[in-house]
Amino acid sequence: MPNQTIPNYVISADRLTKHYGNFAAVDGISFDVPAGESFGLLGPNGAGKSTTMRMIGGVSQRTSGKLTIMGLDPEQYGPEVRAHLGVVPQQDNLDEELRVRDNLLVYGRYFGLPMSYLKPKADELLEFAQLTDKAKAKVDSLSGGMKRRLTIARSLINEPKILLLDEPTTGLDPQARHILWDRLFRLKESGVTLILTTHYMDEAEQLCDRLVVVDKGQIMAEGSPASLIREHSTREVLELRFGSERNTTVAADLAGIGDRLEPLPDRVLIYTHDGESALEKVTARGLHPITSLVRRSSLEDVFLRLTGRSLVD
Amino acid sequence: MSNILTEEDYRVQVKDRPFSALYARNAKAVIARGLRATKSSNWLIMVSGFFEPVLYLISMGVGLGALVGTVVGPGGGEISYAAYIAPALLAVSAMNGAVYDSTWNVFFKMNFAKLYQGMLYTSLGPLDVAIGEIFLALLRGALYATGFTAVMGMMGLITTPWALLMVPASVLIAFGFASFGMGITSYMKTFQQMDWINFVMLPMFLFSATFYPLSVYPQGIQWFIQALPLWHGVELLRQLSVGIFTPATAIHIIYYLVMILVGMVLTTLRLRKLFLK
């Protein structure tokens, strides 16, 4: 029996690193996730989020650093760790050779669960995913949204304590996203720990108690969505569009308005505590943007501030 | 899901067991999946695999055999050309099936269907997947061998009950190739590299005393062919088909037992490279 201390954290990563050849996909990241928390990894494509997820599942071997899941090293006790994990990978990897309901049953058998448990559970999850009338359909006849819902239903077959969601709503229409967020929120309420990667800031703001902003394999900032915005951005943002030619040239004329100025190719962002009064100052200088918009700061702004790049390129 | 999880629920007990990271003693779930997939979608492909050696037997054995007449069999007795090449074709079919299942099939399910990614995110370990896939390949090989042996019987090519031993011997041959195939696939990154497998298999099929005796070659080439696995398979089945046993029979069997052992060690060592990237 290995020495088992009671884990304070469900997931604990310490200077976690993963190299592919000379390329550091994950470059020394550390974080701890307590039980029941909804924890997000926010960053652009290629930031190392998925690789981190794969290491948590024990299906990718780390180059260095320490990682424990419920007190266990997933590289040593992969099957035991994964027995309590539900995984929604970035790309659906449903079993195309099996029918919809069989996908759930067969997946449950991989966990060694008995059929007497799996049959009612599969029906319950089909209901949850609104796929009951598709139970006998072939997987390749499903729409993209249906496949995504089936993948998520499949991840719940073993009643996981930790749910890993890698870009869960990419490719879903807005209505489907909101349904999914609602389901995830209910899981969270039942005490399931959610680990979520996303490059959608609204998703991160909706679902995450706490998140880390990841870029180039490193953690840039950590905190709750609200505290990150408070720390790294202003309360409001004024977005101005002067037409693609003029956005960068006009920036000089805007100097001094607001706390900070961010000229982008398609728009100019002015960070300020009061967007409306900033807009008044802009027009007072005789500048007339084609469109203007005052909005609250979001995680997108935090990311832009921290990395100098936007989340969705 | 109705009960709210507590700290207690997050405590996990584990026992130390061999291969704990690689093996969860649940290969049967992989096997059950394979059977279900065969039933629901790809049974037609399976049936087609049975016909391949039968077509060769009809074309070469019956067609070409009419020109060749009789040849000298393993015991020194005269046998028809069809009876001479039939066991060889069975050995080739066992090899091809096992190699296909453990290389192309694994490569595709790994890199394109992403089937193994799904499996490996469950309680299964890579060794469960490997054992399950190899078992399925052998099961399929056993079915083909049984069917082919029945066809041989119907064509009057079987004269002794010993010939039934060709079925388990085919499984032994398939096991030898399958155990190696998966290990080799772990080195493969692209389709072009996978094509090298065919490049090795085809000459082995043509030149391993499949269609004519080894004695046509000069001594050096004979030794080379005798070092290759298919020749041992061809000779083993050919001996069994007429019920002749010599010390060479034991050597052929031992060759495959060693091949299985080395192949399984290689595959197990390469599992992390193959599945856990």
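Reader: In which element of chain B is confidence lowest, and in which is it highest?

Author: The general idea is pLDDT, the predictor's confidence in each residue, from 0 to 100, and it is averaged here over helices and strands, which are DSSP runs numbered from the N terminus (helices are H or I with at least four residues, strands are E with at least two). In chain B the confidence is lowest in H1(B), at a mean of 88, and highest in helix H9 (residues 229–242), at 96. Chain B has a mean pLDDT of 90, with 98% of its residues at 70 or more, while the predictor gives the complex an ipTM of 0.86 and a pTM of 0.86. This is a predicted model, in which local features need pLDDT of at least 70 and side-chain atom pairs count only at pLDDT 80 or more, whereas totals for chains, interfaces and linings use all residues. Residues are numbered from 1 along each chain as its sequence is written, and chains are lettered from A and ligands numbered from 1 in the order in which they are written.

Reader: How many helices and strands does chain B have, and in what order do the elements run?

Author: Chain B has 10 helices and 2 strands, and from the N terminus on they run α-β-β-α-α-α-α-α-α-α-α-α. Along its principal axes the C-alpha trace of chain B spans about 80 × 40 × 35 Å.

Reader: Is B:Glu78 buried or exposed?

Author: A residue is buried if 20 or more other C-beta atoms, placed from the backbone, lie within 10 Å of its own, exposed if 12 or fewer do, and partly exposed in between. B:Glu78, in strand S2 (residues 78–80) of chain B, counts as exposed because it has 11 C-beta neighbours inside 10 Å. Of the 277 residues of chain B, 43% count as buried.

Reader: With which residues is B:Glu78 in contact, leaving aside its neighbours within four places in sequence?

Author: Two residues are in contact if their C-beta atoms, placed from the backbone, lie within 7 Å, and on that basis B:Glu78 is in contact with B:Thr70 and B:Val72. For chain B, among contacts between residues at least 6 apart in sequence, 80% join residues at least 24 apart.
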